Amino acid sequence: MPGTESLKHNKLVIVIMGCGRVGGKLASMLDAAGHRVTVLDIDGYSFRRLPPTFSGTALIGNGTDEDMLRKAGIEGASAFIALTQGDNRNVMAAQIAKHVFKVPRVICRIYDPLRKDIYEQLGLESISPTEVFADLLFNRLENVK
Amino acid sequence: MAKSLYIVIVGGGNIGYYLSKALLNQGHEVLIIEKDVRKCERLEDELGSCCMRGDGCETAVLSEAGLNRADVLIATASQDEDNLVSCQVAKHRFKVPRTIALVNNPINDRIFKKLGVDATISVTNTILEHVEQEIPAHPLIHLLTMSGQMEEVVELLITRDSPSVGKSIGQVRLPADTTIALVMRENERPRIPDASTVLRENDRVIALTTMDSEKILEKLLLS
C-alpha cells in the first residue's frame, strides 16, 4: 500500500474530518505516533473524545467547505480521512481533497456498500464498515463448530 | 412541441414540487424521488402518481426509478453533498446524459463541474445577482453566468474615482480571458468598443469575464 511505509518513519500532516469514536481514536493514535494531526468537526462537543495529551489541532467547521479545508491546512497535508456519519458528506469532502487539493492519500468511509463500490470504481479509496463488520462476523460464525 | 423527456427529480421540497409542476405542464414525463412519506403523499395528491419514496442517492432506488432510461436528473435536495452524490451515481452507474445539481455554497459550482456534474444552479449566486440588480449603486453587477463554463457577463459602472476614467481600453491591462463587449453612455447608442475607446465617468461597461478574473477587472476599472 502506498503511504504505509512513510507512516512509520516520517512526521506527516494528516487532516481528519469527523471526531466521532473512530475519528477521535484515530486522531489520538496518530498524534501519539508523532504526526501533526488536525481534526475537524461541526460540533465542538465531539472534541471531548480527544485525550488531554492530544497535541494536534481541533477545529470546528464543515469539511465539505473548500474554504474550511484550506483553514484546516489541507494544502500541505499528506493524508485526508473522511469519517463523518454521512456517506455523502464523506464522499464530497474526500473528492475535494483528492481532486481540488491533490492530497496524496485520501481515505473515505462509506457505510453503504453499493455506494462504496461506485466510488471505488471512480478511484476513491473507500472503506465500508458495514461490509467489513459483516464479513468479520460471518467468518467468526463459519468457524463455529 | 419539443421532444418529451423522462426527467427524474430528486427531492420533493418546494423547488422539486414547482419544478415538477412546470415540467409536467410542458409535457414531460416526471418522477420525483422523495424520502419523506408525508411529502410523497402531498405530491401525489396534487400532481398524480409521479412520486416515489426513497433515498435518491441509493443505487437500488435509482434503478427502480428507471434511471437508465432517464434523459435528465435534477437534484434539488437541500444539502449540496446529497445533490453531488445523486448526480454522480446517475452519471456513472446509469449513464444519464444530463445531470443538474442545485448548489447552496457558490464555491461548489466549480467543484461539482470538476467532479462530473453537467450543470449546476447556484441558489446563492442567483439570489445575489438579483439583489445586486436591485441596488442601483452597486458597482459590479452579475448579469449572466454561462452554463457549463466559468464565464460570466458583468456590468460595471465607471465613477469619477475609477482609475480607468480617461484611459483608453487599450491602456487598461485587461486579463487575457476578459473582453469589454459593450460601452453604454447616456444619450448615445451602445457601442462595441475598440482599444482606442476612452472610458468616461458614468459609462456602463458590459464585460465578458471569468469568475477568477472578475476581481482583477473590478480593480482595474473601479478601484
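How far apart are the end C-alpha atoms of helix α4 (residues 80-94) of chain B? They are 21 Å apart, which agrees with the 21 Å that its 15 residues should span at 1.5 Å a residue. The expected span is 1.5 Å times one less than the number of residues.

This is a predicted model: local features need pLDDT of at least 70, side-chain atom pairs count only at pLDDT 80 or more, and totals for chains, interfaces and linings use all residues. Residues are numbered from 1 along each chain as its sequence is written, while chains are lettered from A and ligands numbered from 1 in the order in which they are written.

**Helix α4 of chain B**
- Helices are DSSP runs (H or I, at least four residues), numbered from the N terminus.
- 11 of the 15 residues of α4(B) are buried, so the rest of the structure largely encloses this helix.
- Buried means that 20 or more other C-beta atoms, placed from the backbone, lie within 10 Å of the residue's own.
- Among the buried residues are B:Leu84, B:Val85, B:Cys87 and B:Val89.
- B:Lys95 follows α4(B) and has a positive phi, near 55°.

**Contact with chain A**
- 17 residues of chain B are in contact with 17 residues of chain A; contact means C-beta atoms, placed from the backbone, within 7 Å.
- On chain B's side, α3 (59-64), α4 and α5 (108-114) each give two or more residues.
- α4(B) provides the largest share of that side, eight residues.

**Domains of chain B**
- Chain B is divided into domain 1 (6-126) and domain 2 (135-221), with bounds from an automatic or database domain assignment.
- The C-alpha centres of these two domains of chain B lie 37 Å apart.

Technical notes: Buried ≥ 20, exposed ≤ 12 C-beta atoms within 10 Å, placed from the backbone. Contact = placed C-beta atoms within 7 Å.
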